[in-house]
Amino acid sequence: MPKRIVVPFGPQHPVLPEPIHLDLVLEDELVVDVVPSIGYIHRGLEQLVQKREFTEYVYVAERICGICSFMHAVGYSQGVEHIMGLEVPDRARYLRTIWSECSRLHSHLLWLGLFADGMGFENLFMRSWQLRESVLDTLEDTTGGRVIQGTCKVGGVRRDIGQEKLDEMHRALDPFEEQCRDLGDVFLNDDTVKYRLKGLGVISKDEAYALGATGPTARGSGVAMDHRETGYAAYGDIGFKPVVETAGDCYARCAVRVKEVYASIDQIRRAIDQIPEGPLDVKVKGTPNGEYFSRVEQPRGEVIHYLRGDGTKHLSRARIRTPTLANIPMLVKMLPGAQLADVPVVVLSIDPCISCTER
Amino acid sequence: MGFFAMTKTVLRNLAEGPATRQYPLVPARTSALTRGHIAFDPATCRSCGLCSRRCPCEAIRLDKEEKVWEINRMRCIACSDCVEGCPFGSITMERDYLPPVVELVVERHTITYVKPEKPEKKPKEESAGESA
């Protein structure tokens, strides 16, 4: 039997954008066990809910994550709106959907770039990020912020997108989709990429379900679970079908994200086509008294905001379960059996967002 | 996938040049809505304190006695909530980002607003214009 050694991986590692530490137990080059540890960037944002007014906290909630920021704001706002019984105007629901899908686009393109970088395909990394830049420019034109949009608030949205800009976005979608399909073609059909990813980090459907995986990680294993199906914001009106792959390996998880990019473009197109005229927000009167589990689908999976108000202007408790926390048990199951050189690719395949996880 | 699939990209990149820009020399791209930093006008501030109460990160401090308005630029997250909340339009959002700094700077402004003396008989339109 080969001698076992423990190799520390992270928290600072070239492929990791954020700090997670893994103790890899190796037999020669083969991973046999892995012990993850997090806790490097806890910021105490949940506690802050007791010190900020419930309408102000939405800006803090947005800063939980630097990539799926808008979805955190939507999740938090939806929770407070539900507790207070506020009905969000239709146009605000559609605008939230458009910005959410733009966020998903830029998050997935960012991930595709990092993933390509992780497997050593530098050219594809730069190409993905170049495409992402045009999404960020659109976000900046419509909201004022590239990654922190700051346009979602309790009771609606803060800004409108003019009809002219909506038309411009609609026109830009076709050439953008063509470029994305060119890019996706390389991810899905290139022999080098296939050779690197197929059969790596396999998780079966039952295992993924039992471990409570969410998002593209679960859908790559054939679990057709996407919270957008429940129809929050305007997803109920514009229709939604989850993207599912069945292989359960790194290639399947990559394919889910590539196809979700196409799906997001389609969602934005339909949302722009159907967006109604009307007010942007409703007046928020009174204070929240009650509790609610607000669930939103982020690029990485389902995020849960548990909010409890006690009738004062400060909420008494917020608890946020982010998708990466749910996907770390999957990672522990995926890694044994992989080579040491494949570890970065497998770790990236769950799209870890540690700042979210530790809040 | 066919042969030379990336060649199209390579040729396009050769023709179009780099996608990035030489940042400090070429200014960053901004839009009309870009939230760069907030600017304060001490001549119109009436010390109501709404901005400091609304600020989610406690970056703004107002001393009504001393007539001092302070902003901690390192705390400010440029959420623009104070801009929306200011009833007198004293705070505005500027498009450009502030240059990086290496030490904590608290910007101090002395409020120069002077309450106009109440005329004995004021026409109605003027008073409505002033209070807006």
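R4(A) lies in strand β1 of chain A, residues 4–9. Strands here are DSSP runs of E of at least two residues, helices are runs of H or I of at least four, and both are numbered from the N terminus. The model is predicted: local features need pLDDT of at least 70, side-chain atom pairs count only at pLDDT 80 or more, and totals for chains, interfaces and linings use all residues. Residues are numbered from 1 along each chain as its sequence is written, and chains are lettered from A and ligands numbered from 1 in the order in which they are written.

**R4(A)**

R4(A) counts as exposed because it has 11 C-beta neighbours inside 10 Å. The cut-offs, for C-beta atoms placed from the backbone, are 20 or more others within 10 Å for buried, 12 or fewer for exposed, and partly exposed in between. Not counting residues up to four places away in sequence, R4(A) touches V25(A), L26(A) and E27(A). Contact means C-beta atoms, placed from the backbone, within 7 Å. K259(A) is 255 residues from R4(A) in sequence, and their C-alpha atoms are 40 Å apart.

**Helix α4(A)**

Helix α4 of chain A covers residues 122–143. Its 22 residues should span 32 Å at 1.5 Å a residue, and the end C-alpha atoms are 31 Å apart, which agrees. The expected span is 1.5 Å times one less than the number of residues. Buried residues of α4(A) include L124(A), W129(A), L131(A) and V135(A). R127(A) and E140(A) are also among them.

G144(A) follows α4(A), with a positive phi near 100°.

**Packing of α3(A) on α4(A)**

The two helices pack at about 160°, with axes 8 Å apart. Axes are lines fitted to C-alpha atoms over the stretch in contact, and angles run from 0 to 180 degrees between N-to-C directions. That makes α3(A) roughly antiparallel to α4(A), a label for angles over 145 degrees. The contact residues divide into 14 nonpolar, five polar and three charged. Ala, Val, Leu, Ile, Met, Phe, Trp, Tyr, Cys and Pro count as nonpolar, Asp, Glu, Lys and Arg as charged, and the others, Gly among them, as polar.

**Chain A against chain B**

In this interface, 18 residues of chain A contact 16 residues of chain B. Helices α1 (57–62), α4 and α5 of chain A each supply at least two residues of chain A's side. The largest share, seven residues, comes from α4(A). By class, that side has three nonpolar, seven polar and eight charged residues.

Notes
Parallel < 35°, antiparallel > 145°, perpendicular 65-115°, else oblique. Contact = placed C-beta atoms within 7 Å.
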